[in-house]
Amino acid sequence: MNNFSYLNDLIIPGSIIIAQILAVLMPVLISVAFLVYAERKVLALIQLRRGPNVVGPFGILQSFADALKLLTKENIVPANSNKIVFLLAPIITMVLSLAGWAVIPFAPNWVIADINVGIMYLFAVSSLGVYGIIMAGWASNSQYPFLGALRSAAQMVSYEVSIGFVIITVLLCVGSLNLTKIVEAQETVWFAIPLLPMFVVFFISALAETNRLPFDLPEDESTLVAGFFTEYSSASFVLFFLGEYASMILMSSMTVILFMGGWLPPFDIFPLNAIPGVIWFVIKIIFILFLFIWVRGTFPRYRYDQLMRLGWKIFLPLSLLWVVLTAGFLIAFDMVPNSL
Amino acid sequence: MYLYSITFYIFSLVAVLSALMVISARNPVHSVLFLILSFVNASGLFVLLGAEFLAMILVVVYVGAVAVLFLFVVMMLDINFVKLREGFLQYLPFGALLGIVLIIELGILFLSKSFSENTLSKFVQSPQINKVENTKLIGQVLYTDYFYLFQISGLILLVAMVGSITLTLRDRGNVKRQNISSQNYIDANKAIEKKKVKLGEGI
């Protein structure tokens with residue numbers, strides 16, 4: 001107790017933690033900017049247009065220009081809104097979409113918090129994401145945002161159930177909740193191959209969970225103006241926007257960790273395993289993000305009853321069945337990992 | 001170690017303050033939001049204790065599912081705030097009685113030998129807990145020693161679910177339903193009829 005020194009006990013560990021957090025969040029935020037640019041460029045290519053091509057070489061600085069424009073605008077708070085909750089909602093969305101990155105392993109030992117319940121933490125953080133949207137919809141005190149918020153809450157709660165079952169199937173094959181161990185368990189084969197139906201269910205549920213097309217009914221512009229962020233402007237809109245894209249990247253890194261072997265190369269042979277793990281991880285994330293954008297450019301929007309039917313009547317029984325099948329298979333062939 | 005105690009005090013202070021705000025906030029939606037804040041801080045305290053699995057389950061179940069539905073209901077109700085306060089004095093004695101009983105019970109628990117410092121520290125430092133992940137440990141106990149109780153609690157939840165559905169399910173005759181399979185089996189031959197139209201006559 002007596003040999004307490006501010007430097008050794010408080011400042012050094014505290015500043016190490018802050019430096020680690022910055023080292024993860026800065027690349028994430030910058031990659032959000034490039035993801036927006038990539039999305040616009042890919043959509044333009046799908047629709048035979050040019051896309052952003054004015055700001056910077058090939059228009060690569062477009063998102064920074066957009067952010068600057070939005071931040072310099074006036075932040076309008078509606079007179080009848082519940083002001084504290086109204087301003088808190090985008091902050092919560094943003095913070096939650098960044099909080100999940102604490103447990104993501106980028107490469108062996110490249111992780112801020114290597115906790116034993118990593119996948120549960122990610123699941124918990126993504127299930128909290130709905131609060132930002134409900135709060136925004138309620139605090140705006142306006143019909144369209146409220147309808148958008150209700151749609152979004154119902155949608156996220158329904159798809160979380162099947163995501164939970166998909167995670168359980170993967171955990172049955174791993175025998176641990178630790179994300180690093182989940183990746184290490186895929187050294188022989190990526191789980192995307194033996195658990196292919198679950199991979200598809202997880203990807204589609206991830207689309208619904210992040211409110212992306214074809215499931216973007218909470219912000220359906222043809223019926224709800226802009227959904228839950230109709231009343232938001234300038235900086236608070238930027239926070240929603242950033243939060244949405246950051247959680248898109250988070251969900252795709254979750255997909256990569258659960259099904260595509262995280263930082264592992266596809267085959268453990270010379271030219272492939274010489275490339276560092278981080279680069280493999282980033283390549284796989286970019287592939288999944290491309291799928292997100294590709295789906296957006298290809299499929300029409302679902303009707304709301306179709307969306308609910310898909311979640312409860314198709315994905316839930318399918319994933320439940322697959323949990324039972326996987327457990328039965330593992331026990332029948334005596335392949336249960338680290339049984340006690 | 002000092003960072004640890006600072007985080008402990010932050011979590012517990014916010015948990016207690018937000019619990020106070022749950023009962024003193026004027027707007028019911030604010031009350032629910034403070035309840036959620038209190039849950040999250042309680043799960044932070046669980047993490048500090050080393051019970052990571054319980055902490056995450058608390059967030060997933062209570063914050064991610066139960067409180068969302070709670071918030072839903074509170075938001076959708078058209079509540080008259082003045083009327084809500086009317087019965088305050090009427091219910092005060094009953095509420096105070098409940099509070100006093102709870103405080104006395106907690107006091108007995110703390111003063112009795114079964115909760116003294118020795119037993120608590122023995123429990124926390126038991127070697128098994130530090131070696132094995134607590135997820136595994138909970139699973140080992142839950143699915144062996146308490147297997148029947150676990151199954152019974154599942155059944156109780158199932159009964160509650162079936163009960164609430166039967167209470168609210170009404171058979172309304174005039175509801176139009178979608179027949180998904182017949183929608184899927186539509187093809188161009190069934191939907192479109194080709195007709196030869198003579199020029200200038202129409203159909």
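This is a predicted model: local features need pLDDT of at least 70, side-chain atom pairs count only at pLDDT 80 or more; totals for chains, interfaces and linings use all residues.
1. Leaving aside neighbours within four places in sequence, A:I182 is in contact with A:I119, A:V170, A:L171, A:V174, A:S176, A:L177, A:F191, A:I257 and A:L258.

2. A:I182 also turns up in the largest nonpolar core, which has 108 residues. Along with A:W101, A:I119, A:Y131, A:I167 and A:F259, A:I182 touches the most other members of that core. As for who supplies the residues, helix 4 of chain A gives the most, with 16.

3. Staying with helix 4 of chain A (residues 118-139), have a look at A:V130, which sits in this helix. Is A:V130 buried or exposed? Its relative accessible area is 2%, and the cut-off for buried is under 20%, so A:V130 counts as buried. Beyond residues up to four places away in sequence, A:V130 touches A:A153, A:M156 and B:V68, so one of its contacts comes from chain B. There is also A:T93 to note: 37 residues from A:V130 in sequence, but 8.2 Å away in space, C-alpha to C-alpha.

4. Helix 5 of chain A (residues 143-174) passes a simple length check.

5. Read from the N terminus, the elements are α-α-α-α-α-α-α-α-α-α-α. Of the 203 residues in chain B, 19% are buried. Among contacts in chain B with a separation of 6 or more, 53% are between residues 24 or more positions apart.

6. How do helix 2 (residues 28-49) and helix 3 (residues 52-76) of chain B pack, and at what angle? The angle is about 180 degrees, with the axes 9 Å apart. Anything over 145 degrees counts as roughly antiparallel, so that is the label for this pair.

7. The contact between those two helices is worth a look residue by residue. On the helix 2 side of chain B, the residues include B:V32, B:I36, B:F39, B:S43 and B:F46. Helix 3 of chain B meets them with a set including B:L58, B:Y62, B:F70, B:L71 and B:M75. By class, the residues of this contact divide into 22 nonpolar, one polar and no charged.

Key
Residues are numbered from 1 along each chain as its sequence is written. Chains are lettered from A and ligands numbered from 1 in the order in which they are written. Side-chain values use heavy atoms; hydrogens and water are left out. Helices (H or I, at least four residues) and strands (E, at least two) are DSSP runs, numbered from the N terminus. Buried means under 20% relative accessible area, exposed over 50%, partly exposed in between (1.4 Å probe, protein chains only). Contact means heavy atoms within 4.5 Å. Axes are lines fitted to C-alpha atoms, for helices over the stretch in contact, and angles run from 0 to 180 degrees between N-to-C directions. Angles under 35 degrees count as roughly parallel, over 145 as roughly antiparallel, 65 to 115 as roughly perpendicular and the rest as oblique. Ala, Val, Leu, Ile, Met, Phe, Trp, Tyr, Cys and Pro count as nonpolar, Asp, Glu, Lys and Arg as charged, and the others, Gly among them, as polar. The expected span of a helix is 1.5 Å times one less than its number of residues. A nonpolar core is a set of buried Ala, Val, Leu, Ile, Met, Phe, Trp, Tyr and Cys residues joined through side-chain atoms within 4.5 Å.
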